[in-house]
Each structure stands twice: as structure tokens, then as C-alpha cells.
Amino acid sequence: MADRKHVNLITIGHVDHGKSTLIGRLMYETGSIREEVLRKLKDEAKEKKKETFEFAFFMDKLKEERERGLTVDLTFKEFNSKNYYFTIIDAPGHRDFVKNMIVGTSQADVAVLVVDAKDSVQEQTKEHSYLAKILGIDQMIVVVNKMDTANYDQNRFNEVKSQIEKLLKGVGYKPETLKIVPASAYKGDNVSKKSENMKWYEGPTILEALDSITPLERSVDKPLRLPVQDVFSITGVGTVPVGRIETGKMKVNQNVIIMPAGTKAEVKSIEIHNQQRQEVSSGDNIGFNLRGVGKGDIKKGDVVCEEDKPATVAEEFTGQIIVLNHPTVIAPGYTPVFHIHTAQIACTVTEIVRKVNPKTGETVEENPEYIKTGDAAVIKVKPKKPVVMEKQKDLPHLARFAIRDMGQTVAAGVCIDLTPKK
Ligand code: GTP
Ligand code: MG
């Protein structure tokens, strides 16, 4: 467990295509749902005249969800594969709840797109794929689900597969990097066990596909980036900042630099769950102590970096956003709080470069005067105070942001370009 890297996974796709069922099945087969719990859920599903929803009920806890047999809110669950420990975020497929899907996706590293073998590509299959791309999800595993309802037929699988490839290519994914798995989440074909019903399929099971994702392995070789989540004062230790290492490694005695201030320091001690460590790497949640760095020298939103490879501080940046929720309109001059990794900084929207169709990515209007709920756009932004930020293509974890205003998430997006501070 200690060596496994943490990955945030989201399930996306059209309503009823089997996302919750797939997660329930995965958790059951990896030993995270006990037999008697499943039996109880099966009884409950039957009682609500929702037979076959037992796996989905494990994810769908709200009364409304169970009565209507669909997901409304995000649910977070954990499970382990051989190489990773996953937090799965189960997103709703229904079009009324796309907002919740976006909030979930903006926290995810990898997406599992679930497509019904009978229905194939539908409205939210398209919309979710495009949103995942906008929000910076580079790796996607595709499940052609409910193969049991298509007689486990290879021809049908190939038909659906080519429709999915066409869609995802249009959205901007490279089809050759996608793993597309024929499965039945409900019956348990190709989830963690190779299906006896689809001997024609030679690729990985869903669990194997999840186990062979790559981003976090690569990120160990990148320079250290540790956004500070919080800072504690602990008697006998001193100032203890905590956070998750997004990329790279940290060692005791290493020289580091705290950005954006540029304060240099040396790592004195590192711990995970009260245990001292000599070296930690990307994915680890740690507490640490820096020689000579007191409570006033480091704060939430700072990023600890390798001394000779400091992170970029943005003077101005270009963001690709989706407006989730705004009572009126967003126009140049708007200055809400941006949540950028662990930082919260007031930023001014200086320009709306263009409005794009969130379902296709096509430009709808150049330089519009304003944008409103439901719009996707490219905007220019100027932070009021120095903040560490990176471009999506360089370091996705430090490129994502959410715009919050009046206690709500107004928009979510990623940084696609920036002007560094000199
Ligand atoms: P939303 O969250 O509302 O978008 O739906 P969902 O994608 O989570 O679908 P859910 O898991 O709730 O499943 C919807 C229905 O499809 C339920 O009746 C499931 O039992 C059924 N289902 C899911 N997977 C399979 C499968 O592999 N085969 C068959 N036959 N039915 C399935
Ligand atoms: Mg669901």
C-alpha cells in the first residue's frame, strides 16, 4: 500500500450506460465490497423495483438516486490495483447534472469513458469526452459495456469501437493510445477477469488497463513540485507545512526554493503519517520541516521546488474555461477568486479571446463582450498577486483552476499559455 501511487479516476459517459455499476463491480472484485453488503444492496434494489441496480446502489446513496435509478452527485471511493491506489469519482451521466461531472473531472487524472454496446455513442458520450479534453484529461480508458446485451458479438464491438475512435479523434485524443475494452460490468466480463464469453478479445481487462496507465511514473522524473496545502506549528518540531508531491522527489538535506517568494531552504525532515522518511516522491502526501523556515515564511498556495528548477510564476495567463454557474455574465474586469492548485488568489479577467462550442470545440465568436452559464471560452487573466502556475502541456496538476464567487464554483478550466514574471 505504501508504495502504490495515488491516481484520481473519473467515470464519464451517457446516462445509464453503466458507470456506477462498473465501479461497484470493480470494487467488489478487488475485495472492497463484502459479500453480505452486496446481498443487502441486492435486496434493497429489488424492494425499490430496481433489480440489477445493486452495484450502482453501492455508489448511489442518495434517496433520489436510488428511487430514480441514476447518479446525481459525485461519489468518491477508494480501491487498489497492483500498481496504484485509486480514488474513483463516479460522475452522473444525466444532462441535468453535467455541472457535477465537470467539478469531478477537474479533480481527476484519468477518465474511464463508459459506452453502452447497444446504444453506442450518445449525446453525453460526446459532451463528456470534449469536456474531459478541455479540463486536461490526457489519458482515457474506454469501456464498451453491456456486451451481454449484444450477444458478446465481436462485429458489434468493432462497430461501436470505430464510432468511439472517430469521436475521440475529433475531440483531440490519439486513437492509437486508447485502450478500448469490451465488457459487461453487470455480469463481470473483462472487469478484472478475462471473459469466457469473448475469447476473440486479446487486449487487457479493465483492471489491467487501469494498472498500465503511465502519467505518474513519468512524473517522478520531473522536477519537484509540492503545492503547500496547510502549515502547522508542532511543539518540538516547529513549522510543518503539508501537501501532496505532484511531481518529482524530495529528500532529507535537499536544497529547495519556495515559490513565488523565492526563499531558499534545506529539507530537515519528512514524514508520512507520523513516520520519518528519507525520500518521498510524486503522489505522496507528506508533512515536512525546512531548516530556518518559520511560520511566516511559507503559506498555503506556495509551491516547494528544487532549488535550481523553480516553478513558473505567472504574470498573466490564458485559460480555457467552462462557465458552470453565474447569475449574470462574465465580462472583462471581472475579479473573482481563482483556486489554482492549493492557492486562492483574486485575478482579473482582462479579455475574452473567443467563445467556443463546448460540445464540439468550434469557435462560435471572436472577442465576445461577455460569456454566461453554459459557455466555454478562452480568456486572458491577470493575477492580483504572484502565483505559481504551469501550462497544461507542461504540468497538468498546476495548470488547473476553478473560479469561485459567492460561495459557488463559477467556472473550471486549465491554463494553456502564460507569460512568466521576470
Ligand atoms: P447515471 O449515473 O445515471 O448516468 O447511470 P450509470 O451510467 O451510472 O448507469 P448504472 O450503473 O446506474 O446502470 C444503469 C442500468 O444499466 C442498471 O439497470 C444496470 O444494472 C444496467 N447495467 C449496467 N451495466 C450493465 C451490463 O454490463 N449489462 C447489463 N445487461 N446491464 C448493465
Ligand atoms: Mg451512475
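**Chatting through the ligand 1 shell and the fold**

Me: Which residues come nearest to ligand 1?
Reply: Of the 23 residues around ligand 1, the ones that come nearest are G18, T21, L70, T71 and G93. Do keep in mind that this is a predicted model.

Me: Which element gives the largest share of that shell?
Reply: That would be helix α1, residues 19-29, with three residues.

Me: And how do the shell residues divide into nonpolar, polar and charged?
Reply: Eleven are polar, seven are nonpolar and five are charged.

Me: Okay, stepping back. How many helices and strands does the protein have?
Reply: There are nine helices and 22 strands.

Me: What radius of gyration does the protein have?
Reply: The value is 22 Å. A compact globule of 422 residues would come out near 22 Å, so the two agree. If you like to think in boxes, the C-alpha atoms fill roughly 65 × 55 × 40 Å along the principal axes.

Me: What percentage of the residues count as buried?
Reply: 44% of the 422 residues do.

Me: What about contacts, how many join residues at least 24 apart?
Reply: Taking contacts between residues at least 6 apart in sequence, 70% join residues at least 24 apart.

Me: Switching to helices: how do α5 and α6 cross?
Reply: Their axes come within 10 Å and cross at roughly 35 degrees. The crossing is right-handed. Helix α5 covers residues 98-105, and α6 covers residues 123-134.

Me: Why give both an angle and a distance?
Reply: Because two packed helices are described by the angle between their axes together with the distance between those axes.

Me: Got it. Which residues make the contact between α5 and α6?
Reply: From α5 you have V98, M101, I102 and T105, and from α6 there are E127, H128, L131 and A132. By class, five residues in this contact are nonpolar, two are polar and one is charged.

Me: One more residue for me, A412. Where is the place of A412?
Reply: A412 lies in strand β22, which runs over residues 408-420.

Me: Is A412 buried or exposed?
Reply: A412 counts as buried, because it has 26 C-beta neighbours inside 10 Å and the cut-off for buried is 20 or more.

Me: Which residues does A412 touch?
Reply: Leaving out residues up to four places away in sequence, A412 touches I102, V103, S106, L135, I321, I322, L324 and A402. One of these, I102, also belongs to the α5 side of the contact with α6.

Me: And V191, how many Å separate it from A412?
Reply: Their C-alpha atoms are separated by 32 Å, with the two residues 221 apart along the chain.

Notes: Residues are numbered from 1 along each chain as its sequence is written. Chains are lettered from A and ligands numbered from 1 in the order in which they are written. This is a predicted model: local features need pLDDT of at least 70, side-chain atom pairs count only at pLDDT 80 or more; totals for chains, interfaces and linings use all residues. Helices (H or I, at least four residues) and strands (E, at least two) are DSSP runs, numbered from the N terminus. The radius of gyration is taken over C-alpha atoms; the globule rule is 2.2 Å times the number of residues to the power 0.38. A residue is buried if 20 or more other C-beta atoms lie within 10 Å of its own, exposed if 12 or fewer, and partly exposed in between; C-beta atoms are placed from the backbone. Two residues are in contact if their C-beta atoms, placed from the backbone, lie within 7 Å. Axes are lines fitted to C-alpha atoms, for helices over the stretch in contact, and angles run from 0 to 180 degrees between N-to-C directions. A crossing is left-handed if the near helix is turned anticlockwise from the far one by less than a right angle, and right-handed if clockwise. Ala, Val, Leu, Ile, Met, Phe, Trp, Tyr, Cys and Pro count as nonpolar, Asp, Glu, Lys and Arg as charged, and the others, Gly among them, as polar. A residue is near a molecule or strand if its C-beta atom, placed from the backbone, lies within 6 Å of it.
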